[in-house]
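Subject: Structure for you to look at

Hi,

Here is the structure I promised to pass on. Please open it alongside this note and tell me what you think.

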Amino acid sequence: MKNLKLKKDLGSYYAYPMGIWFSLFFLLPMVLIFAYSFLSKGLYGGVELQLSLKAYRDIFQKAYLLILGRTVVISFEATLYTIIIAIPCALALARSKRQTLYLTLIIIPFLINSLLRIFAWMSILGSDGIINRTLIQLGIITDSLPLLYNRRAVILVMVYMYLPYAILPIFSAIDRFDFSLLEAARDLGATKMQSYIKVLFPSIKSGINTAIIFTFIPAFGAYTIPLFVGGKDSYLLGNLIVDQVTKTRNWPLASAFSMFLTLISTVLVMYVFVDDKKKNPKKKRKI
Amino acid sequence: MLGSSVIIEHLSKDYGDFHALKDVSMNINQGEFFSILGPSGCGKTTLLRIIAGFVFPDEGAVYLGDQNIVDLPPEQRDCNTVFQNYALFPHLSIYENIAFPLRLQKMSESAIDERVKKYLKMVQLENHSQKKPNQVSGGQRQRVAIARALINEPKVLLLDEPLSALDAKLRSNLLIDLDNIHDQIGITFIYITHDQSEALSVSDRIAVMNKGEILQIGEPFEIYESPATEFVASFIGETNIFSTTVSECSKKEDTDEYLCKLELDNFSVPVFVTDDGPTEVGQRVSYTVRPEKIHISLQKPMGRKYLNIFKGIVEEPIYAGFQSKLYIRLENGELIKVFKQHIKFLDEGPEISYLDEVYVSWTATDGYIIEDIDR
Ligand SMILES: Nc1ncnc2c1ncn2[C@@H]1O[C@H](COP(=O)(O)OP(=O)(O)OP(=O)(O)O)[C@@H](O)[C@H]1O
Ligand SMILES: [Mg+2]
């Protein structure tokens with residue numbers, strides 16, 4: 001009994017290394033940014049130690065709100081397409097006999113630097129890229145199609161980038177799903193489609209929620225993708241923040257935008273997880 | 001009656017080179033409690049899944065009433081299944097599980113509620129309706145599966161070893177419940193099991209299967225008392241089987257019965273047996289006699305006519321509460337099983353124990369000839 005109690009007490013100490021790591025590299029920068037957002041702009045970047053709410057007042061300019069709205073819409077679209085593609089992929093993966101092979105293929109892109117992968121897309125979509133050259137050689141078009149530097153390219157590359165992050169949690173949920181339940185549904189009168197909607201989807205909802213978070217949040221904060229493959233119509237919040245730091249040198253404003261971004265992301269995560277918890281109060285969440 | 005007959009004609013199903021079902025035919029009557037009995041892997045589930053519509057047969061037809069349903073998808077067949085693993089929907093409450101088929105039909109909320117309550121009551125789960133399947137016991141889950149399969153009021157209920165995951169006591173209780181439900185609603189039940197005592201106790205008729213083939217179809221007592229093959233004899237209950245040759249066979253005066261004399265291999269004493277048909281002299285047949293039909297005594301019993309008497313040594317007495325199982329080595333070296341019922345507290349006569357020399361005896365009408373010997 002005594003021994004057991006001792007072990008149990010020790011439990012909280014095991015969390016310390018993680019806690020220290022978390023505080024140092026996550027919480028501290030957060031607090032700094034939070035503090036910066038309430039200070040005044042330094043002349044050559046940085047901040048001056050003078051409390052001010054100017055940054056937060058500036059956020060609500062029409063031009064900024066436009067960028068914010070655009071970021072929401074593009075992230076939303078990218079997430080939607082990603083999930084729509086990820087679900088059948090995960091289903092096929094879960095039912096495939098060569099699971100390990102396909103899983104490896106999905107994971108391989110992670111081993112390649114993301115910038116390189118963006119450059120690869122640039123050489124595919126560019127005016128002198130593979131697609132345009134092939135089409136011109138085939139005589140289908142005479143002038144290059146504008147495939148790059150627009151919002152379509154941004155969404156395409158986003159979907160490509162985040163697809164593995166969406167497939168994996170959905171796959172893991174489907175993998176745990178008992179497919180004989182679909183037969184039971186059919187037996188009880190459901191059509192094939194109804195059995196998917198009424199039995200499969202509710203059972204893998206937590207996986208889909210995780211996939212949504214894993215896709216929407218990086219898309220919402222994305223900055224390299226719109227920088228390299230985007231154009232004027234796809235200048236996003238991430239780009240705005242970077243430009244505020246490097247070009248306009250308005251650190252408080254950049255910090256305020258960052259806080260804003262964090263806030264929206266957090267609200268989304270809370271919403272999805274709380275929704276999940278309400279439905280399965282006893283079950284432990286697995287990602 | 002609400003049920004429907006099920007006629008299965010020449011069903012065959014191969015998985016690659018493996019013949020899961022070989023030319024299976026049977027007629028199941030309207031409202032019958034029909035069991036399909038066979039060892040694990042003999043193709044019972046495959047047969048049931050063909051009836052339910054999840055497996056497409058290579059050959060053959062399935063008629064529900066007079067409609068061939070082989071080409072219909074599962075959702076359009078008027079039969080429902082209680083699955084081997086229950087297959088309850090984990091994300092829905094017990095209530096919603098049972099309501100599932102009704103919701104698909106877009107029935108009104110009040111009609112659903114009325115019907116679900118009725119079936120919840122039938123399976124005695126009124127107090128558990130809001131729990132999730134993983135919050136109730138195995139037996140309760142089983143009953144949810146039954147209620148869910150019945151709520152659509154199908155013409156045929158298919159049950160795939162519905163009790164196999166439960167403990168013995170619960171099994172016998174649920175079996176009685178099932179039988180009562182069958183009597184109440186009167187639809188056709190097709191009940192799959194590998195447990196012969198379950199099948200014997202509730203079925204109107206039983207089909208015995210092995211290796212994808214139907215060996216015998218009949219009422220429980222027929223299957224037990226006059227098995228068609230050696231496999232049926234040994235699979236249903238316990239029995240003694242001997243290889244013999246027919247040496248005489250003649251019609252008994254004043255009856256339809258025939259009396260045959262069989263020579264046991266390496267044995268000088270013949271056995272007598274009655275049969276309802278003649279058997280050719282010189283034919284090799286199996287002879288079976290159930291252990292509970294055999295009388296055992298220390299003294300040689302009075303030599304009535306056609307009483308089969310053999311001498312042997314008790315090799316293994318096993319006490320089993322309501323009875324003792326005794327393994328007796330006969331003089332030809334063959335081992336014979338005898339069940340001795342403990343009807344009274346102190347049985348008549350002195351106790352029989354290990355290595356005693358005993359006489360085992362049974363009459364000519366107690367044993368059976370099985371002509372189908374090569375199995
Ligand atoms: N999809 C399949 N592919 C290949 N072989 C199969 C398939 N389904 C069943 N079998 C084989 O067919 C045989 C019959 O299987 P079935 O499930 O019908 O047995 P069963 O009588 O229900 O056994 P149990 O009592 O163990 O449930 C088995 O040997 C099994 O291995
Ligand atoms: Mg089975």
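Below is what I found, going from the chains to the interface, the ligand and some individual residues.

A word on the basis: this is a predicted model, in which local features need pLDDT of at least 70 and side-chain atom pairs count only at pLDDT 80 or more, while totals for chains, interfaces and linings use all residues. Residues are numbered from 1 along each chain as its sequence is written, chains are lettered from A and ligands numbered from 1 in the order in which they are written, and side-chain values use heavy atoms, with hydrogens and water left out.

**The two chains**

Chain A has 14 helices and two strands, and chain B has eight helices and 20 strands. Both elements are DSSP runs numbered from the N terminus (helices H or I, at least four residues; strands E, at least two). Along the principal axes, the C-alpha atoms of chain A fill a box of roughly 80 × 70 × 35 Å, and those of chain B span about 75 × 50 × 45 Å. Of the 287 residues in chain A, 39% are buried; for the 375 residues of chain B the figure is 50%. Here buried means under 20% relative accessible area, exposed over 50%, and partly exposed in between (1.4 Å probe, protein chains only). Among contacts (heavy atoms within 4.5 Å) with a separation of 6 or more, residues 24 or more positions apart account for 70% in chain A and 65% in chain B.

**Where the chains meet**

The contact takes 20 residues from chain A and 24 residues from chain B. About 1800 Å² is buried between them, 56% of that from carbon and sulfur atoms; this is the accessible area (1.4 Å probe) that two parts lose on being put together, summed over both. On the chain B side, Glu75(B), His91(B) and Leu104(B) lose the most area to chain A, together 31% of what that side buries.

Two salt bridges run between the chains, a salt bridge being a side-chain nitrogen of Lys or Arg within 4 Å of a carboxyl oxygen of Asp or Glu. Arg49(B) pairs in this way with Glu183(A), with the closest N and O atoms 2.7 Å apart. The elements of chain B that give two or more residues to this side are α1 (44-52), β6 (79-82), α2 (94-104) and α4 (138-150).

**Ligand 1**

Which residues are closest to ligand 1? They are Ser40(B), Gly41(B), Thr45(B), Thr46(B) and Glu161(B), out of 13 residues that surround the ligand (each with a heavy atom within 4 Å of it). An oxygen atom of ligand 1 is 2.6 Å from an N or O atom in the side chain of Thr46(B), and one is 2.8 Å from an N or O atom in the side chain of Glu161(B). For Cys42(B), a backbone N or O atom lies 3.2 Å from a ligand oxygen.

His182(B) sits in helix α5 (residues 168-185) and is buried, at 7% relative accessibility. A polar atom of its side chain lies 3.0 Å from the backbone oxygen of Gly31(B). Leaving aside neighbours within four places in sequence, His182(B) is in contact with residues including Glu32(B), Phe33(B) and Asp204(B).

Glu32(B) in turn forms a salt bridge with Arg205(B), at 2.6 Å between the closest N and O atoms. Glu32(B) lies in the loop between β2 (18-28) and β3 (33-37) and Arg205(B) in strand β9, so the pair ties together parts 173 residues apart in sequence. Both Glu32(B) and Arg205(B) are buried.

The structure holds 22 salt bridges over all chains. One of them joins Asp78(B) and Lys155(B) at 3.3 Å, linking parts of the chain 77 residues apart. Asp78(B) is partly exposed at 33%, and Lys155(B) is partly exposed at 34%.

Finally, two residues other than glycine for you to check by eye. Lys211(B) has a positive phi near 45°; it is in the loop between β9 (205-210) and β10 (213-218) and is exposed at 60%. Leu355(B) has a positive phi near 70°; it is in the loop between β18 (335-341) and β19 (357-363) and is exposed at 52%.

Best wishes

Key. A polar contact is a pair of N or O atoms within 3.5 Å; within protein, one must be able to donate a hydrogen and the other to accept it, and residues adjacent in sequence count only if both atoms are side-chain atoms.
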